[in-house]
Amino acid sequence: MKKIMAVVTAEPIFSQRFSDYVNGSGASALRARAFPQVEDFLRCRKENGPGSVPVLLCDEELFAESRGFDFSGTEVFLLSETGKDGTLSKYQSGPALLSAVLTGCADRRIPAQAPEMRKDLEIHAVWGPGNGLSRIWFSLALTRMLSRRKKAVYMDFHEFSGLRSVTGKTCERGLSTAFYYLKQGTLDGQRLMGLLEDHEGISYLPPFSSSEDAGVMGMAERNELFRMLAEGSPVEAVVADLSDPMAASADLLEICEKIYLIGSSDPAEREAAAAFTEMVKAEGREDLLERIVKVEPEGMPDAISRSGIDGVIYSETGDHIRRLLES
């Protein structure tokens with residue numbers, strides 16, 4: 001008996017045509033069925049048993065809107081226009097899309113349930129389209145200052161991180177290892193804590209050792225790491241140095257205490273930061289704009305040349321961070 005694959009997209013014609021292709025191919029181990037909404041798929045699964053529809057192919061936006069529903073027992077594959085951040089491209093050929101699902105897409109598989117964050121886990125996101133060193137030093141200083149009142153961890157999600165230029169360490173285990181354990185289903189909060197390193201009083205998870213891992217880790221996997229820290233470790237705050245918040249937009253802000261946009265003198269980089277703010281406005285989430293904090297790293301170069309993190313903490317930037325944390 002063939003397994004049922006639910007297809008849920010915002011374009012009924014796409015859902016029906018792809019389902020017709022799957023069912024007419026004759027070579028698939030799946031039988032596809034188009035559903036108008038995620039709720040319709042969940043209702044069908046409830047009526048026929050948890051294992052009746054074991055595969056879901058769904059638009060990324062529609063799945064994000066269904067946060068809180070239980071998808072356990074169902075393997076979820078997300079569709080997007082670009083096919084980035086752990087999703088499958090909606091606009092590839094039918095055979096290629098079906099092949100991606102049939103082969104399991106192990107490197108693109110996401111957790112079965114969009115996680116809810118524990119409310120007392122503070123997540124401070126940092127992003128800047130340029131200013132690599134300024135962004136890193138600001139993130140480290142923020143982590144150190146947060147650590148004075150609660151257990152804080154720094155995580156750098158950039159594909160090519162410059163963190164080694166600051167710590168001088170080359171670590172074999174870090175985000176790539178955590179991502180591997182997550183895909184294998186063997187990661188928990190305590191195991192994640194075992195991957196942390198220390199630098200000048202800061203706990204941090206070493207960045208990706210593989211650009212491929214960075215390329216396929218999506219928002220859902222990142223949020224799952226946060227959830228594990230919240231529920232299975234003593235960590236109370238995370239400073240997340242992000243490579244691209246554009247893909248997460250308002251969903252990112254939903255789980256963040258603050259998101260800091262690091263300023264730049266470069267007109268193009270300033271425009272990129274402004275575009276992020278405009279995107280949030282376009283999504284109709286003006287209520288979240290107060291969580292976006294623009295930071296001009298005054299005095300940062302001098303602080304770096306003097307005495308590392310301490311130099312940042314006792315510079316104008318450090319004073320600014322103290323004011324931000326008190327507000």
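**Exercise 1. Which side chains meet in a salt bridge of 2.8 Å, N to O, and where in the chain do the two partners lie?**

Before starting, note that this is a predicted model, in which local features need pLDDT of at least 70 and side-chain atom pairs count only at pLDDT 80 or more, while totals for chains, interfaces and linings use all residues. Residues are numbered from 1 along each chain as its sequence is written, and side-chain values use heavy atoms, with hydrogens and water left out.

Step 1. Recall the term: a salt bridge is a side-chain nitrogen of Lys or Arg within 4 Å of a carboxyl oxygen of Asp or Glu. The side chains of aspartate 59 and lysine 90 form such a bridge, at 2.8 Å from N to O.

Step 2. Aspartate 59 belongs to strand 3 (residues 55–59), whereas lysine 90 sits in the loop between strand 5 (88–89) and helix 4 (94–102), and the two are 31 residues apart.

Step 3. Check the surroundings, where buried means under 20% relative accessible area, exposed over 50%, and partly exposed in between (1.4 Å probe, protein chains only). Aspartate 59 is buried at 4%, and lysine 90 is buried at 7%.

**Exercise 2. In what order do the five strands of the open sheet stand, and which strands are at its edges?**

Step 1. Two strands pair if DSSP finds at least two bridges between them. The five strands follow the order 2-1-3-4-5, with parallel pairing.

Step 2. Strand 2 (30–34) and strand 5 stand at the edges, each with a single partner strand, so one side of each has no neighbour in the sheet.

Step 3. Look inside the sheet, where strand 1 (residues 3–8) pairs with strand 3 in the parallel sense over four bridges, and where valine 7 stands opposite leucine 57 in strand 3.
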